[in-house]
Amino acid sequence: MAIDAATVKKVARLARIAEPDDKLEPLARELSGILDWIEQLNEVDTDGVAPMTSAVAASLPMRDDVVTDGGDPAKVLANAPKTERGFFVVPKVVE
Amino acid sequence: MSELTELTLKDALDGLAAGRFSSEELTRAHVEAVEAARELNAYVLETPERALEMAKASDGRRARGEAGRLDGAQLGIKDLFCTEGVRSTACSKILGNFTPTYESSVTANLWRDGAVMLGKLNMDEFAMGSSNETSAFGPVVNPWRIEGGNGKLTPGGSSGGSAAAVAAQLCLGATATDTGGSIRQPAAFTGTVGIKPTYGRCSRWGIVAFASSLDQAGPIARTVEDAAILLTSMAGHDPKDSTSLPVETPDFASFCGKSVKGLRVGIPKEYRVDGMPAEIEALWQQGINWLKDAGCEIVEVSLPHTKYALPAYYIVAPAEASSNLARYDGMRYGLRVDGANLTETYENTRAEGFGAEVKRRILIGTYVLSAGYYDAYYLKAQKVRRRIADDFDQAFEKVDALLTPTAPSAAFALGEKSDDPVAMYLNDIFTVTVNLAGLPGMSIPAGLDANGLPLGLQLIGKALDEGTLFSIGSAVEKAAAFKARPQKWW
C-alpha cells in the first residue's frame with residue numbers, strides 16, 4: 001500500500017482539510033488504490049525527456065506595467081463572509 | 001410553442017433574421033421548456049427575467065439592423081463560468097452564494113454577439129467527475145433512457161447539465177469546459193455535438209480553475225454547424241489570460257460541409273482497448289467506411305503511449321487542482337466554518353465545503369507535490385505527457401486528423417460507478433490524451449446502441465486546426481444522419 005493513515009493525516013494537514021480519525025484508514029486504502037494504478041507510469045522510459053510544462057508552445061507575453069483595474073473596494077468585498085468598514089474580517093492570526 | 005425549441009441554433013438565427021418569430025417568443029418557449037424539465041436537474045439556476053430582458057434588447061437591436069452573430073439565441077451557461085450579478089458556484093458548497101462582480105471573457109463574448117442567457121447549468125463539483133454525481137446540487141438525469149426502461153442514466157460529466165439541456169431542447173446551445181473529456185464524453189452520452197478547441201483558443205479568464213494547463217472552454221450543440229457558430233463567438237485572444245493565443249478566430253461555420261476528399265484520417269491502433277463493447281468497435285468501423293466513402297484516405301497510425309495518458313492525467317490534474325483550490329480559505333468569499341484558531345477555520349471550512357471527490361483529488365495532488373515525491377510523481381508525469389504529445393506530433397506528420405470512439409461505453413446508470421474512482425476515471429480513456437497534448441477534439445453523435453442509447457465518434461485535430469475537424473465532423477454527421485432524439489418523459 002502506497003499510503004498509510006499517518007501519511008493521509010499529514011497530507012490532509014498540508015491541504016488544510018480536516019479529516020476525522022476514522023476516515024484516515026478508508027482514505028488511505030482509496031488513495032493507495034489510485035496511486036497503485038498510477039505506478040504503471042514507471043514502465044515508460046523517460047530518460048532524457050524534457051518535462052512538458054505548457055500545453056502549447058507559446059512564450060508568456062509581457063504587457064506594460066500599468067494599473068488596469070482596481071479602485072472598487074465594494075466589488076472586492078461584495079462576497080466576503082465578514083466585513084467591517086471596508087475591510088475583510090478574518091480570524092486572529094497572531095496569538 | 002414546443003416546435004420553437006426544436007430548432008437548431010442555425011435555423012433559429014435564420015428565423016429571427018427573417019422575422020418569423022421574435023427573440024422574446026423564442027425565449028418564452030425556452031423558459032417554459034426549462035420550467036417543465038426540472039426533473040432533469042439540468043439547470044441549477046434559472047434566470048427567466050434576465051433572459052426576457054436580454055431578448056427584448058435583442059429584438060430592439062435587430063429592428064435597428066444591429067443584430068450580432070448570435071443575436072436573440074437562447075443559451076445555457078455551465079456554472080463554472082462567472083456571470084456578473086448571477087450566482088456562480090462551480091456546483092460546490094464552498095462557493096456558497098458567490099455572485100461574481102465580473103463576467104468571464106467567454107460569456108462576455110457571447111453577450112457581445114447578442115446571445116440570451118437562460119440560466120446556469122449543473123456540473124460535477126469543480127468539473128471533477130464523469131457522471132455529474134459529484135455536484136452539490138445532485139446529479140443531472142440524462143433525458144435518454146434505455147428503450148422500454150425507466151432507470152435513471154448519467155448524462156456524463158463534468159458538463160452533464162450542458163449536454164442534457166441541449167439534448168432535451170432546454171436551450172439552443174450551451175457553454176461547457178473540458179479538462180479530461182468533460183465536453184466530449186457528455187456529448188457522446190446525450191447524442192449531441194461537443195468540441196474542445198485547442199488549448200488557448202478560448203480565454204480561461206473568469207472560468208473557475210480546475211487544472212490550468214488542461215482546462216479549455218467549448219460549446220455543446222445539436223449540430224456540427226451550431227457548434228461552429230458558437231465556438232466562433234466564444235473564442236478569441238484575451239490579454240487577461242496569458243495562455244490565450246494571439247491568433248485570429250476563423251469563421252468556423254465556413255468549414256462545415258466543405259469537401260473532405262483527399263484528407264488523410266488516422267486510426268490509432270492503441271484505441272482498440274480490451275473489453276470495448278463490440279457495438280463501439282462496429283461504430284468506429286462504420287465511421288471509417290463513411291469517411292472512405294467521402295473520399296478520405298484512411299491511415300493506420302500508432303500512439304504508443306496512449307495507455308499512460310490517464311495515469312499521467314491523474315497526477316497532473318490533481319496537482320494543479322490542489323494548487324488552484326488552495327484559494328478557498330473562507331476569508332474573502334464563499335463558505336466560512338469557524339474553528340478555535342485560523343488553521344482550524346481553514347480546515348473546517350474546506351472539510352465542510354468540498355465534496356468527497358474534490359477532497360480526494362486535492363489530497364492526491366498535495367501528496368504528489370509534497371517533499372520527496374515531486375520527482376517520482378509530478379516530474380515523471382510531465383515527462384510522460386511530453387511523450388504523449390510527441391506521439392501526436394509524429395502521427396500528424398502522416399495524417400490531417402484522427403478518428404476514434406469518444407467513450408468506452410454508452411451512458412451508464414446513476415450510481416453504477418460512483419463507488420470506484422478508477423472505474424469512473426476510465427471513462428476518459430479516449431478523451432484525456434487530447435487535453436494533455438493541448439489539441440482540439442470533437443465528439444459527433446454517430447449511432448445508437450442495442451439499448452437505443454447514443455454513441456459518439458471523436459475527431460482529433462492538429463493544434464489550431466479546428467477547421468478541418470468541422471469539415472470532417474460535418475461529413476460524419478451527414479453520413480450518420482443521426483436524427484434520434486430522447487423520448488420526452490419529464
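Modeller: A residue counts as buried if 20 or more other C-beta atoms lie within 10 Å of its own, as exposed if 12 or fewer do, and as partly exposed in between, with C-beta atoms placed from the backbone. This is a predicted model, in which local features need pLDDT of at least 70, side-chain atom pairs count only at pLDDT 80 or more, and totals for chains, interfaces and linings use all residues. Residues are numbered from 1 along each chain as its sequence is written, while chains are lettered from A and ligands numbered from 1 in the order in which they are written.

Biologist: Is B:Ala127 buried or exposed?

Modeller: B:Ala127 is not a glycine, yet its phi is positive, near 70°. Helices (H or I, at least four residues) and strands (E, at least two) are DSSP runs, numbered from the N terminus. B:Ala127 lies in the loop between β3 and α6 of chain B. Because 30 other C-beta atoms lie within 10 Å, B:Ala127 is buried.

Biologist: And B:Ala481, is it buried or exposed?

Modeller: B:Ala481 also has a positive phi, about 45°, although it is not a glycine. This residue sits in the segment after α16 (466–480) of chain B. B:Ala481 has 9 C-beta neighbours inside 10 Å and therefore counts as exposed.

Biologist: Which peptide bond is cis?

Modeller: B:Ser158 is found in the loop between β3 (116–121) and α6 (160–167) of chain B. With omega near 10°, the cis bond is the one from B:Gly157 to B:Ser158.

Biologist: How many residues of helix α8 of chain B are buried?

Modeller: Helix α8(B) covers residues 224–234 and is largely enclosed by the rest of the structure. Its buried residues include B:Val224, B:Glu225, B:Asp226 and B:Met234. Just after α8(B), B:Gly236 takes a positive phi of about 140°. The number of buried residues in the helix is 11 of the 11.

Biologist: Which residue in β6(B) does B:Thr175 stand opposite?

Modeller: Strand β4 (residues 173–178) of chain B is mostly covered, with six of its six residues buried. B:Gly173, B:Thr175 and B:Thr177 are on one side, and B:Ala174, B:Ala176 and B:Asp178 on the other. Two strands pair if DSSP finds at least two bridges between them, and six bridges join β4(B) to the antiparallel strand β6 (residues 216–221) of chain B. In β6(B), the residue opposite B:Thr175 is B:Pro219.

Biologist: In β4(B), what is the bridge partner of B:Gly76?

Modeller: Strand β2 (residues 74–78) of chain B pairs with β4(B) in the parallel sense, over two bridges. The partner of B:Gly76 in β4(B) is B:Ala174.

Biologist: Which helix makes a β-α-β unit with β7(B) and β8(B)?

Modeller: Strands β7 (residues 264–268) and β8 (residues 297–301) of chain B pair in the parallel sense over five bridges, and B:Gly266 has B:Val299 as its bridge partner in β8(B). A crossover is right-handed if, with the strands pointing away from the viewer, the path from the first strand over the helix to the second runs clockwise. The unit here is right-handed, and its helix, at residues 278–293 of chain B, is α9.

Biologist: Which helix gives the most to the side of chain A that touches chain B?

Modeller: Two residues are in contact if their C-beta atoms, placed from the backbone, lie within 7 Å. By that test, 38 residues of chain A are in contact with 53 residues of chain B. Both α1 (5–14) and α2 (21–38) of chain A supply at least two residues each to the side that touches chain B. Giving the most, with six residues, is α2(A).

Biologist: What is the radius of gyration of chain A?

Modeller: From the N terminus on, the elements of chain A run α-α-α-β-β. The radius is taken over C-alpha atoms, and the globule rule is 2.2 Å times the number of residues to the power 0.38. For 95 residues the rule gives 12 Å, and chain A is well over that, so it is more spread out than a compact globule, at 23 Å.
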